[in-house]
Every structure is written in C-alpha cells, then in structure tokens.
Amino acid sequence: MRQITDTVLMVRPTQFRLNEETAVNNYYQDREFDKEIKNITANNRAQEEFDAFAKALQDHGVEVVIFNDDDKYDTPDSIFPNNWLSTHADGTAVLYPMFAENRRMERRPEILDALEQKGFKIETIMDYTAAENEGYFLEGTGCLLLDRVNKKAYCSISPRADEELLIEFCEDFEYTPVIFTAYQTVGEARLPIYHTNVMMALGESYAVICLDAIDSKAEMKNVVKHLKDSGKEIITITERQVESFAGNMMQLVNKNGEKLLIMSDQAYQSLTQAQIMKLERYNKILHPDIKTIETLGGGSVRCMMAEVFLPRS
C-alpha cells in the first residue's frame, strides 16, 4: 500500500471565477478582489497559473493527466477535482456528494474515460452522491485526509463533511475514522473550516497540521495520538499560515523515486525557515504561484490535484 503517488489528475478550467455558491462557507474566497477583476480576466490568469503549475510537475517527473474543461456546463470550480473523485489501488473510483449544486456537474464520466485511456484500470465505481438529495455532503479528499498505509481517515466536520457519511465511507473501505472540528476566526466568530485539507496535510512520514484550529482539547489530543501512533512527525503551522494555504500541501513521488512536496508560493512564503528545514529533510519543495486561483477559488495546489492510485492496465 502506497501513501503517495507519482500521478495526478488535473482539470484545466474554461470558466474559472469566484463561485457564489461556495462562498457562503468558504471564507478564503475574496469578494473584494472579485469586484476588481472581470471573469474573462480571472479565467485567463487561472489558465496561465494552471499551465505553469502542471508544467512544473511534469518537469520534475510527475505524470499529469490533464482534462480540458469545456463550456458544456457552468463549472467555475472544475479546477478542484479532488472534491468529487478519489481513486484507490484496488481499482475503485469514488464519487462524492457536493455541497454546491453547480459543483455537482464537475462529475463527468469523460474524466474517468480519460484516465482509462491513459492506461489506468477502473474496476469499481463507489457512488455516494445520492446523499445530496438528503442534504448530506462529503467532499472527497478535501474533507477526507486518508492515511492509506495505516487505514485512518482524518476528517474535520463541517457543512461539507457529514459525520455519518464519513463513518459509512470508513466502514466500506475499512478505515478508522479520526473525527474532529477545525475552526477559523471570521469576524468575531469561530466557524468551522470548510475542508480538512486547508489545515492539515499527510505525508509518508510526517503531518503538517494547525493544532490551534482544533478548539476541543480532547479532539486535538486524539488527533495527535493517532498521528504519533502511526509514526508521523508532527509539524505544526499557525492559523495565520493556514490563511495563506500552508495546510494545503501534498507530497508526491516522481518517476525516479524522488519525493516532492507541493505547496503554493503564498504558502511557502508564509513558512518560517525552521519549518522549511523540517520539511526539506523529507522532500524537495515545489511552490508554484497560483495567487488568482487561491484568491477567487478559495483553494490551493492540493485541491487542484486528484491523486491517481489506480492500477495500470
């Protein structure tokens, strides 16, 4: 069982803009910047950032399966495929229920076809999307941080991560659920962070996490215990660094076996030298600039990559 992969799926946008349907509980989307920038400009900038990012991955030996979005549906957030799809080493592809109605159209069979055309084998499709009809959601590896080796699923409960659905997933895939709620300060209030992968990242041998975001001491201690029991070094980040997407990282391995940690340039610039040195002990850091995508989309590099763990045909 592998924790990290050498292949990612990415979706190149055609209609990228600030999505009003997700902005209701994604407090990282910047409405003021949205007022300053026209949608066509936003999409053009997002395409430039996407292309540079995908090329950087390819130049460093990572296989990138690129699906070009089109104008068939209104899909401003199609650039974030990890929220509706995860793939697994036994040939299973999982489809997840999405909070925003206009994001549900991102789930396209053509994307699964594109993976199969690249030589990957999909044996089974596990579909949880019927939960949308009841108003329950679980947005993929945005909500689920999967420790695939130790069979643990870390999940922060939020309007986009339902606890019962999480437990159903864990029963189906034989994972142990590690449940908590992570918060951020919005005005005077402490509100749930919309996705776990904004404040936490799992590598092979380490975890990057904002423990300050977990207000319950008992929940925080439980998360720490699970990470330590799994042999992970815990590298903490601050709530301010979370606001710069420092939690939204992903470890990959390239074709030569070299490990890479992917984060945005904004995230990298927010880190201290001590944090960078800890991370560089485990992997080389790549930090593309995706400022437009982060500012309007409210997501970062990890959200843009759906890991491919499928077996090859």
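How many bridges join strand S1 to strand S17, and do they run parallel or antiparallel? There are 2 bridges between S1 and S17 (residues 306-307), and the two strands run antiparallel. One place to look is Val8, which stands opposite Glu307 in S17.

Before we go on, a word about what you are looking at. This is a predicted model, in which local features need pLDDT of at least 70 and side-chain atom pairs count only at pLDDT 80 or more, while totals for chains, interfaces and linings use all residues. Residues are numbered from 1 along each chain as its sequence is written, and side-chain values use heavy atoms, with hydrogens and water left out.

The names of the elements come from DSSP runs numbered from the N terminus: helices are H or I runs of at least four residues, and strands are E runs of at least two. Two strands pair if DSSP finds at least two bridges between them. Strands of a sheet pair through backbone hydrogen bonds, either parallel or antiparallel.

Now turn to an open sheet of 3 strands, ordered S6-S7-S8, with mixed pairing. Its edge strands are S6 (144-147) and S8 (176-180), each of which pairs on one side only. From one strand to the next, the twist averages 20 degrees. S6 and S7 pair in the antiparallel sense over 4 bridges, and the bridge partner of Leu145 in S7 is Tyr154.

Two helices pack on this sheet. H5 touches S6, S7 and S8, and its direction makes about 160 degrees with that of S8. Helix H6 (residues 217-229) touches S7 and S8, and its direction makes about 145 degrees with that of S8.

The loop between strand S7 (152-156) and helix H5 (163-173) holds Ser158. Ser158 is buried, with a relative accessible area of 10%. Not counting residues up to four places away in sequence, Ser158 touches Pro192, Ile193 and Tyr194.

The side chains of Arg160 and Glu139 meet in one of them, at 3.2 Å from N to O, and both residues are buried.

Another salt bridge joins Asp70 and Arg108, with the closest N and O atoms 3.0 Å apart. Asp70 lies in the loop between S2 and S3, and Arg108 in the loop between strand S4 (92-95) and helix H3 (109-117), so the pair ties together parts that are 38 residues apart in sequence. Asp70 counts as partly exposed, at 29% relative accessibility, whereas Arg108 counts as buried, at 7%.

Technical notes. Buried means under 20% relative accessible area, exposed over 50%, partly exposed in between (1.4 Å probe, protein chains only). Contact means heavy atoms within 4.5 Å. Axes are lines fitted to C-alpha atoms, for helices over the stretch in contact, and angles run from 0 to 180 degrees between N-to-C directions. A salt bridge is a side-chain nitrogen of Lys or Arg within 4 Å of a carboxyl oxygen of Asp or Glu.
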